[in-house]
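This report walks through one protein model, from strand pairing to side-chain packing. The sequence and structure come first.

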Amino acid sequence: MDLPSIIPVFPLPNVVLFPGVPLPLHVFEPRYRDMVRETAGGHDLIGMILLRGEWQPRYHETPEIFDVGCAGRLVNVESLPDGRYNILLHGLREFTIRRHLFEKSYRQAEVSWHSLAHGGLESSCRSNLISLLGRFLQAKPASPAHRLLHDHSLSDELLVNFFSYALDIAPLEKQGLLEAQTLAARAERLREIIEFHLEESRLGLKAPGRDRCH
């Protein structure tokens, strides 16, 4: 796949996208309306990136962002009468920002693309992760999350990436997962995060929740 070296970037404070994961967004700011309109007529890629630090005072300018993000392909665009958009992105590939560009109303970046992950998880690693996820979710057997968790046709990559995206954990924890260099490393970080939160709940430091998937 031939990926462009310059892409639009969409910074948000609480969204971390992962490959293979769908992301619906409502776009209302004028600069990001411009981004959607121009991207829909081009290579269809938008780089999702997490805001960092004290971004609030400079949100409408150029606040600080992380270097590593994930690009999504624009698979659906719904134009609303007042100029807003409902869009659907499909997570494609991780990238690292090499240079920031401010030539348009929205941000762009020159990026380097991460290599595609190769190989899967060891069966014991997958089984342990599924067990931990089940305890973390505390889902009813009939719930969609539980069914997905026990879908044997689900690839290792989608298992790790979907729950890295969907679990109710802090955006910074998700950013750490995104920055993992391999699928196995991401799965190991996810396991550590889940174990930490389970122990936190056991000690009564945080009340366990039933609905931990967005």
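## Cysteines

This is a predicted model. Cysteine 125 is partly exposed, because its relative accessibility of 27% is not under the 20% limit for buried. Cysteine 70 is buried, with a relative accessible area of 1%. The disulfide count is 0.

## Strand pairing around E5

Strand E5 covers residues 85–101. E5 pairs with E2 in the antiparallel sense, over 6 bridges. In this pairing, histidine 26 has asparagine 86 of E5 as its bridge partner.

E4 and E5 also run antiparallel, joined by 11 bridges. Here arginine 73 is partnered with histidine 90 of E5. The two strands form a hairpin with 5 residues between them. Glycine 83 in that hairpin takes a positive phi near 100°.

E6 spans residues 108–113 and pairs antiparallel with E5 over 6 bridges. Arginine 99 stands opposite glutamate 110 of E6. This hairpin, of E5 and E6, has 6 residues between its strands.

## Helix H1 and its cover

H1 runs over residues 30–40. Its buried residues are Arg31, Tyr32, Asp34, Met35, Val36 and Thr39. Residues three or four places apart in an α-helix point the same way, because there are 3.6 residues a turn. The cover over the buried residues of H1 includes strands E1 (6–12), E2 (22–27), E3 (45–50), E4 (68–79) and E5 (85–101).

## Nonpolar core

The largest nonpolar core holds 64 residues. Those with the most contacts inside it are Phe10, Met48, Ile87, Phe95, Leu167 and Ile194. Beyond its neighbours within four places in sequence, isoleucine 194 contacts Leu129, Leu132, Leu133, Phe136 and Leu167.

## Aromatic pairs

The whole structure has 3 aromatic pairs. One of them joins phenylalanine 95 and tryptophan 113, with ring centres 6.0 Å apart. Their planes meet at 75°, so the pair is edge-to-face. It links distant parts of the chain: phenylalanine 95 sits in E5 and tryptophan 113 in E6, 18 residues apart. Phenylalanine 95 is buried, at 0% relative accessibility.

Phenylalanine 162 and phenylalanine 163 form another edge-to-face pair, 5.1 Å centre to centre with 85° between the planes. Phenylalanine 163 is buried at 0% relative accessibility, whereas phenylalanine 162 is partly exposed at 22%.

## Charges over rings

Arginine 52 lies over the face of phenylalanine 66, at 4.3 Å from the ring centre. Lysine 174 lies over the face of tyrosine 165, at 5.8 Å from the ring centre.

Definitions and conventions:
Residues numbered from 1 in each chain as written. Predicted model: local features only at pLDDT ≥ 70, side-chain atom pairs only at ≥ 80, totals over all residues. Heavy atoms only, no water. Buried < 20%, exposed > 50% of the residue type's maximum accessible area, 1.4 Å probe, protein only. Helix = DSSP H or I, 4+ residues; strand = E, 2+ residues; numbered from the N terminus. Contact = heavy atoms within 4.5 Å. Disulfide = S-S within 2.5 Å. Pairing = 2+ DSSP bridges. Core = buried A, V, L, I, M, F, W, Y, C linked by side-chain atoms within 4.5 Å. Phe/Tyr/Trp six-rings, centres within 6.5 Å; stacked < 30°, edge-to-face > 60°. Lys NZ or Arg CZ within 6 Å of the ring centre and 35° of its normal.
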